[in-house]
Amino acid sequence: MADRTAPVPAHGTARTGRTPLVVVGDALLDRDLTGCAERLAPDAPVPVVTDCAERVRPGGAALAAYLAARDGRDVTLVTGLGDDPAGHALRRLLDDWMEVVPLPLTGDLPEKTRVLAQGQPVLRMDRGSGRAHEATGEARRALRSARAVLVADYGRGAADALRDTLAENPPAVWDPHPRGPAPVPGTRLVTPAAREARRFAAAPAGRGTPPETGPRPPSRDGDLRPAAQYAAALVRRWRAGAVAVALGARGALLSYGDCPLLVPAPGELHGDSCGAGDRFAATAAGLLADGALTGEAVEGAVAAATAFVAAGGAGALTRTGPADGHADREDAHDPYGLVARVRAGGGTVVAAGGCFDLLHAGHVGLLQAARRIGDCLVVCVNSDASVRRRKGDGRPVTPLADRVRVLRALECVSAVAVFDEDTPERLLGDLRPDVWVKGGDYARGDLPEAALLESWGGQTVLLPYLDGRSTTRLAARAAATVKVTTGGDAR
């Protein structure tokens, strides 16, 4: 089956290949004021931040819903929303991306404002104490018809108001908050941060915990042994399918109530971590909705959260282009989102294709050269069925999931897309890259994609392979080696 997502994530357009998601939780309006600090104020020992640029974005459950929509998923957000200026501003940010089902709100929508100097937070200001205080018939209908639900709880009433309906069909993922209710029994995956897991495990059963006051005790949140104990205890207390404790730079620890699984981060975690928990929860919920196993969903969520932080976190979402040279790693699982971002920033989209059955130096050299042509590289990969039709019953040697994982691990590869046909023409028609790259062992007349690229002004180019490298030769050499070493018995 081809791996397809929506090329333009806008509410009301058709999206294919991804299960719709209903997000329940408390929305916030987040604001960053970013400037420079080169001196202290004369009347107090505080930095003076000048030339501030303002960025406004969805926060809380609205951020989780927004990220799921950016993944190319149809999203419905059920949240407290009123008639105040912050509520209207949030509506404008969300309307093109998702359907919003409002819950009655007492008070104004909560707002978070960060002041940053040279990219580092120096102050946060909060205002607005609005709470969702009751359910509505529309909200209950949205939940009862949902194929998958994510609860992104921020302790402001939405999960409480709909708890009875949530219990009828437990969510795929519940991202809990210390001031909110416990997840409903039967929730498939609960995703607390390490400090939250410690506090939940120490709290009376059935509720979250009050906010911490006074000095914090020495923290062992990153230690695996206590995290494993907290997770196992919470699986039993909440009667959840699993608990994944987010460990920041160390990845996540997944427990089903017994021996835990550590899912390490795929790279160094440097950058702004604001919104990483929402990225984690939204990715895990989406993967579970699409049929992934819990372990696979947590692995994908760790990778997505790591890339999200490296790309600048929530603060980078309103930028038209990548936050830094590695920002396109955020889109490793979303080629269409990547293409839209790069194209919006005026960049050049490059695509390359092939089976990549046994990845060798010739492939790597080709992909590295292709990436240097433009601003991102999307690799189009044949599905297992497509490889068999083209190469015979003995192929592929490496199954699709492994081929995709290896390709995504290459620094030069920005995203991977899968096609099930014999040629990638349909997929290319969806992606519409500016440049299509193939290895030099093809002639232009052998590439039906060339005319397709020309139809929208794209260009097909051939790049040379390294001499003597091919999957067929590599497979034959491996088979010959096995035959020699086993005396002809390759069982």
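## A walk through the predicted model

The buried residues of α1 are A61, A62, L63, A64, A65, Y66, L67, A68, A69 and R70, where buried means under 20% relative accessible area, exposed means over 50%, and partly exposed lies in between (1.4 Å probe, protein chains only). Please keep in mind that this is a predicted model, in which local features need pLDDT of at least 70 and side-chain atom pairs count only at pLDDT 80 or more, while totals for chains, interfaces and linings use all residues. Residues are numbered from 1 along each chain as its sequence is written, and side-chain values use heavy atoms, with hydrogens and water left out.

Let us stay with that helix for a moment. Helix α1 spans residues 61–70, and because 10 of its 10 residues are buried, the helix is largely enclosed by the rest of the structure. Helices here are DSSP runs of H or I with at least four residues, strands are runs of E with at least two, and both are numbered from the N terminus. After α1 comes G72, whose phi is positive, near 90°.

Next, the charged pairs. A salt bridge is counted when a side-chain nitrogen of Lys or Arg is within 4 Å of a carboxyl oxygen of Asp or Glu, and a search of the whole structure finds 16 salt bridges. One of them brings together the side chains of D32 and R57, at 2.9 Å from N to O. This pair links distant parts of the chain, with D32 in strand β2 (residues 27–40) and R57 in strand β3 (residues 47–60), 25 residues apart. D32 is buried because its relative accessible area is 3%, and R57 also counts as buried, at 3% relative accessibility.

R73 pairs with D290, and their closest N and O atoms are 3.1 Å apart. Here too distant parts of the chain are linked: R73 is in the loop between α1 and β4 (75–80), D290 is in the loop between α8 (276–289) and α9 (294–310), and the two are 217 residues apart.

R144 counts as exposed, with 52% relative accessibility. Salt bridges that share partners also join R31, E54, E111 and R127 into one network.

At 15% relative accessibility, R199 counts as buried. From R199 to Y230 is 31 residues in sequence and 9.0 Å in space, C-alpha to C-alpha.

What about cysteines? C355 is buried, with a relative accessible area of 12%, and C412 counts as buried at 12% relative accessibility. With a disulfide taken as a pair of cysteine sulfur atoms within 2.5 Å, the count comes to zero disulfides.

Our last stop comes from a record: an unreviewed UniProt entry carries the annotation "domain: RNA polymerase sigma-70" over residues 357–370. UniProt positions are given in the numbering used here, feature names are shortened, and annotations may be inferred rather than shown by experiment. Over residues 357–370 the chain is 71% helix and 0% strand, with its end C-alpha atoms 19 Å apart.
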